[in-house]
2 protein chains.
Amino acid sequence: MKIKIENLKALRLLNPGPLVLVTSKYQGKSNIVTVAWTSPISHEPPLISISLSTKKYSHILIGNSKDFTVNIPSVELLEKVLICGSASGREVDKFKESGFTKVPGKKVSSPSIKECFAFLECKVVDSFLCGDHYLFIGEIIHAEVEKKYYDDHIDIEKIKFINHLGGQYFTYPSEIVEKKR
Amino acid sequence: MKIKIENLKALRLLNPGPLVLVTSKYQGKSNIVTVAWTSPISHEPPLISISLSTKKYSHILIGNSKDFTVNIPSVELLEKVLICGSASGREVDKFKESGFTKVPGKKVSSPSIKECFAFLECKVVDSFLCGDHYLFIGEIIHAEVEKKYYDDHIDIEKIKFINHLGGQYFTYPSEIVEKKR
């Protein structure tokens, strides 16, 4: 069961650099793209950035619809995540190709992915061409996370997100280290 | 022993979302700030982003010097990393406070940190005010990594970077997962 969390708190879902699936929809066409290059960038308002290659199909959908959803997969979904990172949404329906289940957006046109343990719905507030990628700045307007996997941060004792080391190499978190500051 | 790596390859050092230490220097004053909000954003040229609170001292140094260095600490350095994230460089010398060793920059004015296993020297190519943070876009112009901890990606069997889960909770990678795409 996914529960709504505060938009500000949702920034924490992206803090440790998880590999994510960005979903989008424009004129009836929806897509999924695998993205490692994302980061929180502001608390007030809660903003995040995602970086999309100018060659990718998703930047056209997101540039037009002005919204996107960031979905966080666990390491068990890595095979499906890689399918979404290799095929192009211009040619194939990535929901069909990957077998992921499409869920209608709550506050945005972009759908979310049922199998992911958390999602963040974002409105595009700005975008910049930076080198060979578009940097989209999104404001989180709605976020949900599986209740059992969230304890004010991602509960990595119960669920493992994916970190992309580069190329074909990935990792996932081991244990929680608590340090009072 | 640190070896130089290609600027393009250096993007991979930031791929899995490590907590980093950003060093800067302007008019003889240097500083260290702990930053979780960073990401690669372009291959050609190799660009990265760092997000710094408008309240932080470092954005003034970096805004003037137009360069910064991203240093990657291992999990053994977490205590020192937290010192750099709590004190303000306006009031204290963070190199003294943390005990980190200052190394002169190779291609930039910003120093690097000897104890970190990798560093990326960046020239500021753009900056944007996004909410309550400045987003600095840096081009990697020089990067070095400890030879024994690098095998075309960070060798997490030998060195553990830090991921910040939020608040006082941190984690580090467990094992490498290899997946042909």
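**How chains A and B meet**

Let's start where the two chains touch: 50 residues of chain A are in contact with 50 residues of chain B. Keep in mind that this is a predicted model.

**How the copies are related**
- Turn chain A by 180°, with a shift of 0.0 Å along the axis, and it can be laid on chain B with an RMSD of 0.0 Å.
- That is the relation of a two-fold axis.
- Both copies use the same surface, as 100% of the contact residues of chain A recur in chain B.

**Size of the interface**
- Between chain A and chain B, about 4,900 Å² of area is buried.
- Carbon and sulfur atoms give 58% of that buried area.

**Polar links and residue make-up**
- Chain A and chain B have 30 residue pairs in polar contact, counting pairs with both residues at pLDDT 80 or more.
- Two salt bridges are found across the interface of chain A and chain B.
- One of the salt bridges joins A:Lys179 to B:Glu79, with the closest N and O atoms 2.8 Å apart.
- On the side of chain A that touches chain B, strand E4 (residues 38–42) of chain A gives the largest share, with five residues.
- Sorted by class, that side of chain A has 24 nonpolar, 17 polar and nine charged residues.

**Strands that pair across the chains**
- Strand E12 (residues 169–171) of chain A and strand E13 (residues 177–178) of chain B run antiparallel, joined by two bridges.
- Here A:Phe170 stands opposite B:Val177 in E13(B).

Methods. Residues are numbered from 1 along each chain as its sequence is written. Chains are lettered from A and ligands numbered from 1 in the order in which they are written. This is a predicted model: local features need pLDDT of at least 70, side-chain atom pairs count only at pLDDT 80 or more; totals for chains, interfaces and linings use all residues. Side-chain values use heavy atoms; hydrogens and water are left out. Copies are superposed by least squares on the C-alpha atoms of residues with pLDDT of at least 70 in both. Contact means heavy atoms within 4.5 Å. Buried area is the accessible area (1.4 Å probe) that two parts lose on being put together, summed over both. A salt bridge is a side-chain nitrogen of Lys or Arg within 4 Å of a carboxyl oxygen of Asp or Glu. A polar contact is a pair of N or O atoms within 3.5 Å; within protein, one must be able to donate a hydrogen and the other to accept it, and residues adjacent in sequence count only if both atoms are side-chain atoms. Helices (H or I, at least four residues) and strands (E, at least two) are DSSP runs, numbered from the N terminus. Ala, Val, Leu, Ile, Met, Phe, Trp, Tyr, Cys and Pro count as nonpolar, Asp, Glu, Lys and Arg as charged, and the others, Gly among them, as polar. Two strands pair if DSSP finds at least two bridges between them.
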